[in-house]
Amino acid sequence: MTMNLSQIRSLYEKGEKLTTLTCYDATFAQVLEQAGVEILLVGDSLGMVLQGHNSTLPVTLDQMAYHVECVARGAKQAFIVADMPFGTSQVNPEKTFENAARLMAAGAHMVKLEGGEVMADTIAFLTQRGIPVFAHIGLTPQSVNQLGGYRVQGKDNKAAQQLLRDAHAVEQAGAGMLLLEAIPATLGAEITANVNIPTIGIGAGKDCSGQVLVLHDMLDIYPGKKPRFVKNFMAGSASIAEAVGKYVKEVKAGSFPAAEHCF
């Protein structure tokens, strides 16, 4: 039986940590869900880890739909979230709905889009028409050029207060989950305590409702420098399945992320 948003909500309300990993194909979809990962994020990170680009910006809607279809063929139980690639949600709500509907038809159970208050009207438009939304604030990779690089967000009081406003705005607009990326752990805890939807952190501290990592990072197969929030779960593991199982166990136990993975 496929996991749905109400089941995820039930785990959240019971205080059980939620586990998420990026996934781009049918084989890994089976491996991850058999290891107990509840949420598979078909991330536009595929532009970097699969396509070799230096950002997520070149990824197209056609490419995202293709990878969602691949993951959906492999996953029998996991909840599938699809990233809306650059330029497909930063348009008017009607066009965003059309783009999101394509990803849902491809097999996604929810779409993820970047932005806080500025995206509230679009989130409301989608959710009122049956498309669940996973909001994404903090470091938003599609805005890397505007942000001046991959930098920690919300470090000063003004920026932190804006992220709190963003979190409330997307929740009120109907977002069902909230991704917090590259923010101080104390701010991740504060946002999590002040919203009533699950927060999934990536470099946002251990107090989030759950965690996500890019698959190729946590398996230590993506070349180059890794972000601070990444842990190599392949170290000491005899197989990929064992590494993913360790990730699930540590997230559930609250031992990952540790202090060295936080800002």
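User: What are the ground rules for numbering and confidence?
Analyst: Residues are numbered from 1 along each chain as its sequence is written, and side-chain values use heavy atoms, without hydrogens and water. In this predicted model, local features need pLDDT of at least 70 and side-chain atom pairs count only at pLDDT 80 or more, while totals for chains, interfaces and linings use all residues.

User: What makes helix 2 oblique to helix 4?
Analyst: The axes of helix 2 (residues 26-34) and helix 4 (residues 61-74) cross at roughly 45° and come within 7 Å. Angles under 35 degrees count as roughly parallel, over 145 as roughly antiparallel, 65 to 115 as roughly perpendicular and the rest as oblique. Helix 2 is therefore oblique to helix 4.

User: Why is the pair Asp83 and Lys112 called a salt bridge?
Analyst: A salt bridge is a side-chain nitrogen of Lys or Arg within 4 Å of a carboxyl oxygen of Asp or Glu. The closest N and O atoms of Asp83 and Lys112 are 2.7 Å apart. Asp83 lies in strand 3 (residues 79-83) and Lys112 in strand 4 (residues 110-114), so the pair ties together parts 29 residues apart in sequence.

User: How do you know whether Asp83 is buried or exposed?
Analyst: Buried means under 20% relative accessible area, exposed over 50%, partly exposed in between (1.4 Å probe, protein chains only). Asp83 has 4%, so Asp83 is buried. Lys112, at 3%, also counts as buried.

Key: Axes fitted to C-alpha atoms, helices over the stretch in contact; angles between N-to-C directions. Helix = DSSP H or I, 4+ residues; strand = E, 2+ residues; numbered from the N terminus.
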